[in-house]
Amino acid sequence: MLWLYRSEEFACKDQGWLKSRNAFWPGSSAPEGGFRSLRAVATHHIEPGRGFAAQRQRDLEIISYVVDGDFAYSDSRKNRALLRRGGLMRMSAGSGITHCEYNASKSNALQVLQLGFVPRNKGMSPTLEQLTLSGGDSAGRLCLLASPNRHGGSLGMHADARLYAGSFKAGEDAWHNLCAGRHVWVQVVRGWVRINDIQANAGDGVAISNEESIRIQGIAEGEVLLVDLA
């Protein structure tokens, strides 16, 4: 079964310099509190030179994917990172970490998509990893970006989840098979795609359960992130 959640039905916050949509905030059409171990699917548009104040996190795993712009990160463990379009970072807060994120550009807006997960174990040591997805890595297929066992050189995950990215021109497609008891969330990053019999646009999310497989097909230069969850 597939459930389509339109971007305009996500909860929205507008602070002027920051415009955010989150699938699981109160007021969204998607289930409040999350889907399986996925607790946040948030798209942030941040004006040049602005960013989030330092905040304390624990026992949360956050994956940040840069859609456009320059994303800067720093934390209380003296980690620093700068990611540009296609950059991916996994931060596991573990036993506790204070971090801040901001738009490093003084002239261009930043768009970053963040996914939040509940880890399988609490109180672990905080960790940080990053990689950059080149345009060809996910062209016409689903490319594994993060997994619990770091399969194929993917980032590590402390949640029981696997993250894939795919970019599809019109007519291109890829299949994803679901093992028994697994569920999927597909977030459309850009363009327009068909997921089985559902058409979804940029910003939309699709929750999938009790399916053996799904087909993702490009309609107009579509890009997606797919999360396979227990």
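**View 1. D59 and the residues it touches.** Setting aside neighbours within four places in sequence, D59 is in contact with A93, G94, P119, K122 and G123; contact here means heavy atoms within 4.5 Å. This is a predicted model, so local features need pLDDT of at least 70 and side-chain atom pairs count only at pLDDT 80 or more, while totals for chains, interfaces and linings use all residues. Residues are numbered from 1 along each chain as its sequence is written, and side-chain values use heavy atoms, with hydrogens and water left out. You'll find D59 in the loop between β5 (55-57) and β6 (61-68); strands are DSSP runs of E, at least two residues long, numbered from the N terminus. D59 is buried, at 18% relative accessible area (buried is under 20%, exposed over 50%, partly exposed in between, with a 1.4 Å probe and protein chains only).

**View 2. Positive phi at D59 and at E221.** Phi of D59 is near 50 degrees, a positive value in a residue other than glycine. Phi of E221 is also near 50 degrees, and E221 isn't a glycine either. E221 sits in strand β20 (residues 213-229) and is exposed, with a relative accessible area of 55%.

View 3. Side chains of opposite charge can pair when their charged atoms come close. The structure holds 13 salt bridges, each a side-chain nitrogen of Lys or Arg within 4 Å of a carboxyl oxygen of Asp or Glu. In the one shown here, the closest N and O atoms of R6 and D204 are 2.6 Å apart. R6 lies in the loop between β1 (2-5) and β2 (11-14) and D204 in the loop between β18 (198-201) and β19 (205-208), so the pair ties together parts that are 198 residues apart in sequence. R6 is partly exposed at 24%, whereas D204 is buried at 2%.

**View 4. The salt bridge between R190 and D68.** R190 pairs with D68, and their closest N and O atoms are 3.3 Å apart. This pair links distant parts of the chain, with R190 in strand β17 (residues 183-195) and D68 in strand β6, 122 residues apart. R190 counts as buried at 18% relative accessibility, while D68 is partly exposed at 27%.

View 5. R162 and D160 form a salt bridge with closest N and O atoms 3.8 Å apart. Salt bridges that share partners join D68, R85, R190 and E223 into one network.

Note on methods:
Helix = DSSP H or I, 4+ residues; strand = E, 2+ residues; numbered from the N terminus.
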